[in-house]
Amino acid sequence: MQGMSKGSAPAPGIQHRVVIRTVALSLRPTSAKAIYSQRSKVFVTVPSPVTMEKLKVSVTIICSFLPASSEERRNVLSGLTLTHHYIQYPFLCESPYIGDPNPSVDTAWHILLANMSLRITLSELSTHSQTSVGLLGGGYLAWLGVYHELHCIKFLRHVNYRDHYFSNATQEELRDIQVHADHCLDTLRNAAMCHSDTESLTTFVWELGREKPLLSPQRPFHRCVDWEGFVESIVDRVVSEEEMGRLRNPLGG
């Protein structure tokens, strides 16, 4: 029996778990049959005249190498600077990202997402068993997960003010917007559960005349990434709006 595995090579020095995605078997004679079970066993049935010595089986395994579940958090890109500090979230009235649509709020969101599109290397892609669109200036296009989540928050804000941001949308476009909104809601749900903030508490208070407890106005401290330092560490990777504008689909359409 001959064996061969396909997939991205694991990063050196890191314990990995292997996820088998596909098992393909080529049997000679062709009358032989094989069944792959979820228990990672392959059962081969051969016609009676054929002995096991004469049976040739080629196995191709397509798999992905993922960091072991017990591993500490590792940044997906090299050169990221992540330091943490404890802060209280700003009061709602202090946030530049909320409120009725106006140029000031739109500008704040534009600046926040200005560094979303990043240039990454083939090695960085293959380490995580992923592919992406090639960029005209070299490298490949990618978003960090945090920017995908911020994009989704911005989009849901637009949906909240759909009469302003989607005032001329057709019925078909509105259906696409709803699908996009559902995607964003579930992306944010997954992100909240994945990162699970277990370092802060939300507490409650009683208010005269209210039947149920209300959220306390006290603001807990949160351990947060130094956002400015993080942004500085990715500036050299940012793909310009001009380069993004020159991208064309080679498949047409």
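In the predicted model, a salt bridge joins the side chains of Arg157 and Asp106, with an N to O distance of 3.7 Å. The two residues are 51 positions apart and link distant parts of the chain, Arg157 lying in helix H3 and Asp106 in helix H1 (residues 103-112). Arg157 is buried, at 9% relative accessibility, whereas Asp106 is partly exposed at 28%.

In total, seven salt bridges are counted. Another of these pairs Arg237 with Glu124, whose closest N and O atoms are 2.6 Å apart. This pair also connects distant parts of the chain: Arg237 is in the loop between H6 and helix H7 (241-245), Glu124 is in helix H2 (residues 122-127), and 113 residues separate them. Arg237 and Glu124 are both buried. A further salt bridge, between Arg189 and Asp186, has its closest N and O atoms 2.7 Å apart. Here both partners belong to helix H5 (residues 171-195) and are three residues apart, about one turn of the helix. Arg189 is partly exposed, with a relative accessible area of 38%, and Asp186 is likewise partly exposed, at 36%.

Helix H3 (residues 145-160) packs with helix H6 (residues 227-234) at an angle of about 115°, the axes being 13 Å apart. The two helices are therefore roughly perpendicular to each other. H3 contributes Val146, Tyr147 and Leu150 to the contact, and H6 contributes Trp227, Phe230, Val231 and Ile234. By class, the contact comprises seven nonpolar residues, with no polar and no charged ones.

The count of disulfides is zero. Cys93 is exposed, with a relative accessible area of 74%, while Cys184 is buried at 0% relative accessibility.

Definitions and conventions: Residues are numbered from 1 along each chain as its sequence is written. This is a predicted model: local features need pLDDT of at least 70, side-chain atom pairs count only at pLDDT 80 or more; totals for chains, interfaces and linings use all residues. Side-chain values use heavy atoms; hydrogens and water are left out. Axes are lines fitted to C-alpha atoms, for helices over the stretch in contact, and angles run from 0 to 180 degrees between N-to-C directions. Helices (H or I, at least four residues) and strands (E, at least two) are DSSP runs, numbered from the N terminus. Angles under 35 degrees count as roughly parallel, over 145 as roughly antiparallel, 65 to 115 as roughly perpendicular and the rest as oblique. Contact means heavy atoms within 4.5 Å. Ala, Val, Leu, Ile, Met, Phe, Trp, Tyr, Cys and Pro count as nonpolar, Asp, Glu, Lys and Arg as charged, and the others, Gly among them, as polar. A disulfide is a pair of cysteine sulfur atoms within 2.5 Å. Buried means under 20% relative accessible area, exposed over 50%, partly exposed in between (1.4 Å probe, protein chains only). A salt bridge is a side-chain nitrogen of Lys or Arg within 4 Å of a carboxyl oxygen of Asp or Glu.
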